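Please look over the sequence and the structure shown here before reading on. The report that follows takes up a few places in turn.

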Amino acid sequence: MVGVARSKRCQRCKRIKVKCDEKWPTCTPCLRAKVPCSGPPNLTKFIHSNQDASTTNGSKRDEAATPFSILEKSAGHLENIRQKGLPGGASFGHFRMASNEPRKNLTTVADRVAARLVGYLAHEDAPWDILTTIGYTKHLPVRLGENAALRDSVALMCSTWANYRRNVPAAHLVDPNLYGKALRSLQRALDDRQQQLKCETLAAATVLERLEVVFDTRRPYHRTRHILGIQGLMIKRGPPDPYDDLDIHLAFENHAALVSHWLVEGGNNFYLTAPWKESLQQAWRTLGTTLPTERMDCYTIGYYFGYWPGLAHKFRSIWNDPDISSQQAQAIALRDEVASLVEKLKNVGEPIIERARLTGRVVEQPDPETPIGMKFHFKSLDTMSVFVSYAMIRTILNRILYNSTVLLNEPDEYLQAENRQLCRQTWLCMPSIKKLGMVTSILSASPIYMSYEGANEVEKEYLLDLIIEVASYKGRYPKERGAVELLVLNAAKAMTGTSQFATSVSSAMGPQQAAGGTHTM
């Protein structure tokens with residue numbers, strides 16, 4: 001027996017109890033009333049008759065009706081919600097439109113924005129586009145109709161994305177009208193008690209924060225406002241729902257942005273404390289059954305970045321302690337703490353790196369254009385992210401550990417040699433990063449900064465060229481190579497606690513170098 005619709009009428013026709021002629025995208029009653037038509041419903045009831053259907057063990061279906069059951073497989077664009085066996089081998093089931101794409105009949109603004117986003121996600125270059133591979137992106141299309149703030153933020157993202165692909169100048173990538181609309185929608189959602197703490201509102205703020213980091217060259221401090229809002233929302237909402245994939249991905253993806261904020265501004269990492277820690281462990285198990293191994297590896301390495309802000313601030317406090325005896329005692333404790341963390345990280349990270357090598361997901365190849373003469377070739381963007389992240393967090397911990405031994409008047413030369421090897425791992429990734437374009441290069445600036453100290457003069461010139469290229473795109477750094485080098489060295493020291501983060505280019509350069517003018521970072 002063919003499928004029969006549970007109800008084919010649009011929402012307005014059902015509400016006012018009139019016959020709907022189902023002439024989509026706008027039925028005749030809605031057209032005459034000059035009102036938007038909601039289109040066909042998503043939920044459909046199907047009855048499938050198959051007298052010869054058999055169970056998995058080869059026996060015929062029981063003549064009696066069987067209980068409802070949840071099915072995971074989907075057919076075409078339909079997702080099977082539940083199914084019930086009927087006498088004679090027939091079956092009865094409820095289906096809904098598959099959640100990974102919008103409806104075919106685009107009757108609302110949310111549908112049209114979702115379709116545009118799905119188009120970007122299905123693009124042939126999507127596997128190597130860092131925005132499409134963000135964990136939460138693929139979960140956004142189906143949620144746009146539930147929240148105007150998320151809809152408008154994603155519309156802005158799609159517009160900016162398109163401008164970037166068309167090589168629009170950096171200063172004009174972000175449409176100010178769409179940006180203002182997204183901000184107003186987000187503010188309305190935050191003022192609405194029913195929308196304020198919804199996952200979609202958090203997603204809207206997250207999308208805006210990412211756009212600020214990657215594309216916006218005119219509002220450098222708005223990122224801080226967005227991340228403060230994200231932090232406040234996450235604390236107020238509490239841990240993510242372990243059964244909501246979007247909520248889980250937002251928690252893991254926002255972790256990196258929050259780490260950067262805590263590193264610069266201070267603050268406690270609530271991810272490492274109850275109830276967040278226990279909830280994330282449960283969410284981890286949920287994701288482990290559905291996510292590719294490479295994406296799970298990214299989140300695994302990313303978790304260890306959560307210890308970074310606390311260690312850097314602790315070392316800065318020890319570094320500035322005028323009491324020598326107190327400084328020595330604290331340095332010993334910090335050294336032992338970092339050494340223990342490094343061993344845990346290596347026990348997790350080294351098998352991941354080795355597995356990628358053995359399976360051919362990363363191959364070292366000759367490259368005469370780089371000072372070290374070699375480069376990594378990666379099979380996927382996630383594998384590249386794992387290698388860059390692992391080399392960076394190992395370099396950070398190495399520098400904190402080495403500086404602790406310096407405070408104890410016991411500088412460890414083995415750590416210096418290890419730092420050189422870790423920096424080399426970062427440099428091997430640089431050709432692949434550069435090949436992927438400016439967006440990926442911007443997000444990889446911190447690993448370059450951290451590796452700069454371990455370079456020789458030739459390698460430093462190569463790294464400076466990469467940094468200046470990114471800086472010219474953002475338009476916030478000075479043009480002099482010497483001034484840029486000072487900024488890089490200051491940033492690397494600040495990231496490991498031996499210096500404070502500069503609030504402007506002039507403060508990082510010092511009065512003599514800054515005499516020619518200042519630029520906002």
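## A buried asparagine

Contact here means that heavy atoms lie within 4.5 Å. The model is a predicted one, and in it Asn-419 touches Thr-395, Asn-398, Arg-399 and Gly-454, when residues up to four places away in sequence are not counted. Asn-419 itself belongs to helix α14, which covers residues 413-435. Because buried means under 20% relative accessible area, Asn-419, at 4% relative accessibility, counts as buried.

## The nonpolar cores

The largest nonpolar core holds 129 residues, and those that touch the most other members are Leu-140, Val-154, Phe-215, Met-234 and Trp-308. Helix α13 gives the most to this core, contributing 14 residues. For Val-154, once neighbours within four places in sequence are left aside, the contacts are Val-113, Leu-117, Leu-140 and Leu-144; Leu-140 and Val-154 are both among the core members with the most such neighbours.

There is also a second, separate core, made up of six residues, which include Cys-10, Cys-13, Cys-27 and Cys-30.

## An enclosed helix

Helix α16 spans residues 445-452, and because seven of its eight residues are buried, it is largely enclosed by the rest of the structure. The buried residues of α16 are Ala-445, Pro-447, Ile-448, Tyr-449, Met-450, Ser-451 and Tyr-452.

## Backbone features in the loops

Most residues other than glycine have a negative phi, and most peptide bonds are trans. Where does a cis peptide bond occur in this model? A cis bond joins Ala-274 and Pro-275, with omega at about 0°, and Pro-275 lies in the loop between α8 (245-265) and α9 (276-288).

Two asparagines have a positive phi. Asn-167, a residue other than glycine, has a phi near 60°, and its place is in the loop between α4 (148-165) and α5 (176-191). Asn-409 likewise has a positive phi, of about 60°, although it is not a glycine, and Asn-409 is found in the loop between α13 (381-407) and α14.

Are these two asparagines buried or exposed? Because exposed means over 50% relative accessible area, Asn-167 counts as exposed at 67% relative accessibility, and Asn-409 counts as exposed at 66%. Asn-419, by contrast, is an asparagine that counts as buried, at 4% relative accessibility.

Notes
Residues numbered from 1 in each chain as written. Predicted model: local features only at pLDDT ≥ 70, side-chain atom pairs only at ≥ 80, totals over all residues. Heavy atoms only, no water. Helix = DSSP H or I, 4+ residues; strand = E, 2+ residues; numbered from the N terminus. Buried < 20%, exposed > 50% of the residue type's maximum accessible area, 1.4 Å probe, protein only. Core = buried A, V, L, I, M, F, W, Y, C linked by side-chain atoms within 4.5 Å.
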